[in-house]
Amino acid sequence: QVQVVESGGGLVQTGGSLRLSCAASGRTFSNNAMAWFRQAPGKEREFVAGISLGGTGIYYRDSVKGRFVISRDNAKNTVYLQMNSLKPEDTAVYYCNRVPILGSSRALDAWGQGTLVTVSS
């Protein structure tokens, strides 16, 4: 099991940027692909971006391609999500989790508390 703490959310205007962080505990962090998910009010949680265990493989949902960048620092047990050109439809609670392989939307661990991103129009 890996436990995570997400941070970095906030209120931003359309077109703005935020950088989310996901600090993970547990010795298995560097042995797993990781992913960011989000859940907007009244909607199902959805996959946003994934990164392979070494960081060389990356996968995004179509709606964030060219705007979001996922990265990881295995020495710090941390995954990041740089979000640029934010849109109101990006408003959601953002979560990170382990996934079995790059591109998978199946979370392996219990969810953290998430971090709220609100994009005003």
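**Reading strands, burial and a disulfide**

Guide: Strand S4 and strand S5 (residues 46-51) pair in the antiparallel sense over 5 bridges. Two strands count as paired if DSSP finds at least two bridges between them. The model is predicted: local features need pLDDT of at least 70, side-chain atom pairs count only at pLDDT 80 or more, and totals for chains, interfaces and linings use all residues. Residues are numbered from 1 along each chain as its sequence is written, and side-chain values use heavy atoms, with hydrogens and water left out.

Visitor: What lies between S4 and S5?

Guide: These two strands form a hairpin with 6 residues between them. In the turn, Gly42 has a positive phi of about 75°. Across the pair, Trp36 stands opposite Ala49 in S5.

Visitor: How many helices and strands does the protein chain have?

Guide: Helices (H or I, at least four residues) and strands (E, at least two) are DSSP runs, numbered from the N terminus. The protein chain has 0 helices and 10 strands. Its radius of gyration is 13 Å, close to the 14 Å that the globule rule gives for 121 residues, so the chain is as compact as a globular protein of that length. That radius is taken over C-alpha atoms, and the rule is 2.2 Å times the number of residues to the power 0.38. Along its principal axes, the C-alpha trace spans about 40 × 25 × 25 Å.

Visitor: In which order do the strands of the open sheet lie?

Guide: The order is S1-S3-S8-S7, with antiparallel pairing among these 4 strands. Strand S1 (3-7) and strand S7 (68-73) are the edge strands, each pairing on one side only. S1 pairs with strand S3 (residues 18-25) over 5 bridges, and Glu6 stands opposite Cys22 in S3.

Visitor: Which partner does Cys22 have in a disulfide?

Guide: A disulfide is a pair of cysteine sulfur atoms within 2.5 Å. Here Cys22 is joined to Cys96, with an S to S distance of 1.8 Å. The pair links distant parts of the chain: Cys22 is in strand S3 and Cys96 in strand S9 (residues 92-99), 74 residues apart. The link is right-handed, with 60° about the S-S bond. A search of the whole structure finds 1 disulfide.

Visitor: Are Cys22 and Cys96 buried or exposed?

Guide: A residue is buried under 20% relative accessible area, exposed over 50%, and partly exposed in between (1.4 Å probe, protein chains only). Both Cys22 and Cys96 are buried. Of the 121 residues of the protein chain, 43% count as buried. Strand S4 (residues 33-39) is mostly covered, with 6 of its 7 residues buried.

Visitor: Which strand pairs with S4 over 7 bridges?

Guide: That strand is S9, and the pairing is antiparallel. Ala33 stands opposite Val99 in S9.

Visitor: Why is Tyr95 classed as buried?

Guide: Tyr95, found in strand S9, is classed as buried because its relative accessible area is 11%. Contact means heavy atoms within 4.5 Å. Not counting residues up to four places away in sequence, Tyr95 touches several residues, among them Glu6, Ala35, Trp36, Arg45 and Trp111. The C-alpha atoms of Tyr95 and Ala35 are separated by 8.4 Å, although the two residues are 60 apart along the chain.
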